[in-house]
Amino acid sequence: QVQLVESGGGLVQAGGSLRLSCAASGSIFSINAMGWYRQAPGKQRELVASITSGGSTNYADSVKGRFTISRDNAKNTVYLQMNSLKPEDTAVYYCNANLRLLSVPGRYDYWGQGTQVTVSS
């Protein structure tokens, strides 16, 4: 019914930048919050940044001042601009969307397949 497709991951040197994108498609009525999470090997998945439909943002302390989340509501797309990357940012990054479907009441969480970000020292 709904797909979240991520792109933009890769390998970058410390201090470099990457931009992640996540496009939602399918039987979507509306999208509330969208966000990015990450999971490093041996660690739990953690919130990196989130953004509401109105544009309010929230960031993990570890990325404040380096990462910027934004969204294009017309395209159902969320972005994560990552600057000044550090080796500790290495993880699989997952897109999340909390949304309403066209034909089913209620709100539901959907996840992307994940994209690998590797920062070399």
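**Ground rules.** Residue numbers start from 1 along each chain as its sequence is written, and side-chain values use heavy atoms, with hydrogens and water left out. Because the model is predicted, local features need pLDDT of at least 70 and side-chain atom pairs count only at pLDDT 80 or more, while totals for chains, interfaces and linings use all residues.

**Disulfide.** I searched for cysteine sulfur pairs within 2.5 Å, the cut-off for a disulfide, and the structure holds one. Its partners are Cys22 and Cys95, with the sulfur atoms 2.1 Å apart. Cys22 sits in strand β3 (residues 18-26) and Cys95 in strand β9 (residues 91-101), so the bond ties together parts 73 residues apart in sequence. Strands here are DSSP runs of E, at least two residues long, numbered from the N terminus. I then checked the S-S torsion: it is about -80 degrees, so this disulfide is left-handed.

Are the two cysteines buried or exposed? Cys22 is buried at 0% relative accessible area, and Cys95 is buried at 0% too. (Buried is under 20% relative accessible area, exposed over 50%, partly exposed in between, with a 1.4 Å probe and protein chains only.)

**Rings.** For aromatic pairs I took rings of Phe, Tyr and Trp (its six-membered ring) with centres within 6.5 Å; planes under 30 degrees apart are stacked, over 60 edge-to-face, the rest tilted. That gave me one pair. The rings are those of Tyr37 and Trp111, centres 5.0 Å apart and planes at 65 degrees, so I logged the pair as edge-to-face. Tyr37 belongs to strand β4 (residues 28-39) and Trp111 to strand β10 (residues 107-111), 74 residues apart. Tyr37 is partly exposed at 24%, and Trp111 is partly exposed at 37%.

Next I looked for charges over rings, meaning NZ of Lys or CZ of Arg within 6 Å of the ring centre and within 35 degrees of the ring normal. Arg45 turned up over the face of Trp111, 4.7 Å from the ring centre. Arg45 also lies over Tyr94, at 3.8 Å from that ring's centre.

Strands pair if DSSP finds at least two bridges between them. I found β4 antiparallel to strand β5 (residues 46-51) over five bridges, with Trp36 bridged to Ala49. Six residues separate β4 and β5 in their hairpin, and Gly42 in the turn has a positive phi of about 80 degrees.

β5 also runs antiparallel to strand β6 (residues 57-59), over three bridges; there Ser50 partners Asn58. Five residues lie between the strands of this hairpin, where Gly55 takes a positive phi near 100 degrees.

Terms used
Helix = DSSP H or I, 4+ residues; strand = E, 2+ residues; numbered from the N terminus.
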